[in-house]
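Here is a short note to read beside the model. Please keep the structure open as you go through the points.

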Amino acid sequence: MSMLLKCIVWPLLLVAGALLAASASVCHAGVVSPRRLLEVADIAGLMVSPDGRSVAFRVERASVARNTYDTVWYVQGLGDPWPRRVADGGVPLRDSAGGSLPPKVAWSLDNCWIYYRALVDGKIDVWRAAADGSGAEPLTHDAADVRDFTLDEGGRVLRYSVGATREEVRSAERAEYDHGIHIDATVPIGQGLFRSGYVGGRMATQRFSKVWFDRAPLLADVPDRWTEIDLAMGTRRALAGSDVPAVQSLAPGNAGVDGDPWKSVRDPHGGRVAWLTRIGDGRGQQQRPDVLLSALPSAHASRAIRCASELCIGKAITEIQWRPRHDEVLFTVTDPDLGLAQSVLRWNVGTGEVRVVVRTGGLVDGGRDPASNCGASAEALVCVTAEADRPPRVERIDLESGKRDVLFDPNAALARDMAKVAPARLLRWRDKQGRWFTGQFYSARRSGDGPTSLFVTYYSCSGFIRGGVGDEWPLAALEQAGISALCINRRPGYTMDAVARYGEGLAAVESVIDLLSKEGEIDRARVGMGGLSFGGEVTMWTVTESNLLAAASVANPVLSPSYYLIGGMKGAAFLKGLRDMWGLGSPSETPERWKALSPAFQLDRIRAPILFQHSEQEYMYALDYEIPLIREHRADLYVFPNEPHQKFQPRHKLAVYNRNLDWFRFWLQGYEDPTLSKKTQYARWRQMKAGMAVRTP
């Protein structure tokens, strides 16, 4: 049957058996192992059908056995007990830091089809899947990968954009390989230069893009070319510039809205616009601290109104969308005082009334990204919900009553086991300056009368926590091994002074150690810490500026002369960022600042052993301080090939999880796994322990 024919309602294809099999663990029931944390099913791309009766979403799950990720598109009726599988989702597309990109999906107006972008067989096309599960097919068949797409003219026309063809990109890579790669400000030196990073599911040559250290493939700067496909006739034509779909925008300032523009959303049914702008005194911060919610109350209005309710003012509003066929803006509050727990509220732009739809203890949005929206119909939201100790599931939330119903829970078995063996609780505490902090705490069962050891990670702890930012430290597995674990949220905002910024993180760690040790929960002499990105920076700062830690694990390089040397090739943008965010010129220009911030100048102050597990893309930035530590048996270094800032290959992630578990059990508990393959690892660590004992006064 042609996929261009109008859809036929087929019998519901239940996949209960397959879903139950997918949620089953390779491990014994009740044990929350690193592998189970890694192979969690993540859900994203929620989109409610135009008639409000069904929802489409994509499930993504890691497979350690095949070192890949499986993705599947499902459609579920909001009154049905199970979803139906409608299509393979292809290889997940990723940003240059390694994070999985949220999928884009659109419904046909007749509720029969979903359209989505997918990487299948090395090509990124726009695909269409029948909502009844009867089949899926690619529509674009372009020689270049699809960058974006829209459905227009009532869903009768598909428009999509592409750049350079796949063969043009490969030819450019081969030409560089044959003739030599010219090093300039765009080349990310310090990593492999030829096809050394995954782009679009394949190993590709990379270049710096415009934002900090983001990467892009060769020829990424080729302008978009748009094509239009008539879905009924199957004909296509190239679009001229005047025909290219454009998103109309209205600057908030032109509508009388105060503050710095941040986010906006247009009502697809009425042309109204809602805005989030940043307001308040932003001195010393990267951005202004507060958020203002405003909207045009009608399509013909020229002046915006602002939400004046106490439920809007001074709240950490992070997302907005219009409620279909209503005069309401739905907005999400991500509360830093409640450990980044989210609530959804609705603001009537006609009456000014604000009502709470739902409050949760974790995420209630469109996926793992806290800045994603739920799917919305006129009557209900369909959201992914997740909490620190409860993995993601899909819920229907009634917009009037707030009633919550679970639609789909692929992680039910893991949720039950987490509740039994690794429950989390929210901690709130203050440091000596009176600043409030929050974190999710996994309290280990004590083997005797004494307190437990403690592992801490720092940065952001939203939703279901597997291993902190970057997913490298398996908190539930540490807790089951007898090490209490704590994920600390940084305070809102980004302080521009690096010493103050790092000092705030150190104060959070120091004050919670004081709290938990006074309560008899933990032994302050047996505390470990780990982090990635800003969390890695704070971990290194805690190592050099305190005696709090018995061991550390860091997943990324921090400031060093090597970082400056390699990054300096990037030119003025890098040098400006270094000065703005760290107050640094060259080591000769600002020597005292370098001595204060870089561990390369503080090697004698490092008294805790450090495990470095870096990506191949970044590890060379840190060698000037890591090699001396390694040679003196004070550090251990592992590098993972073809990985970006956040490692994503399942086998690499599992290796990182397991080694971090071994590392902290060794240093905090004196435990060694008897597995023969780890014999060399422990011999090296015992040598480190002997050397550290000699150095400690």
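What share of the 697 residues in the protein chain is buried?

1. Buried residues make up 54% of the 697. Buried means under 20% relative accessible area, exposed means over 50%, and partly exposed lies in between (1.4 Å probe, protein chains only).

2. A word on the source. This is a predicted model, where local features need pLDDT of at least 70, side-chain atom pairs count only at pLDDT 80 or more, and totals for chains, interfaces and linings use all residues. Residues are numbered from 1 along each chain as its sequence is written, and side-chain values use heavy atoms, with hydrogens and water left out.

3. Overall build. The protein chain has 13 helices and 37 strands. These are DSSP runs, numbered from the N terminus: helices are H or I with at least four residues, strands are E with at least two. The C-alpha trace spans about 80 × 65 × 55 Å along its principal axes.

4. The largest nonpolar core has 54 residues. Such a core is a set of buried Ala, Val, Leu, Ile, Met, Phe, Trp, Tyr and Cys residues joined through side-chain atoms within 4.5 Å. L454, L486, I488, L578 and W582 have the most contacts inside this core. Helix α6 (residues 498-518) gives the most to it, with eight residues. A second, separate core has 47 residues, including F455 and L475.

5. Look at W582. Beyond four places away in sequence, W582 touches residues including W212, R501, E537 and L597. Contact means heavy atoms within 4.5 Å.

6. Next, S560. This residue is in the loop between β35 (551-554) and α8 (561-568). S560 counts as buried because its relative accessibility is 0%. Leaving aside neighbours within four places in sequence, its contacts include W594, Y621 and D624.

7. Two residues other than glycine have positive phi. R325 has phi near 60°, and D471 has about 55°. R325 is in the loop between β21 (317-322) and β22 (328-335). D471 is in the loop between β32 (452-459) and α5 (475-480). R325 counts as exposed because its relative accessibility is 54%. D471 counts as buried because its value is 9%.
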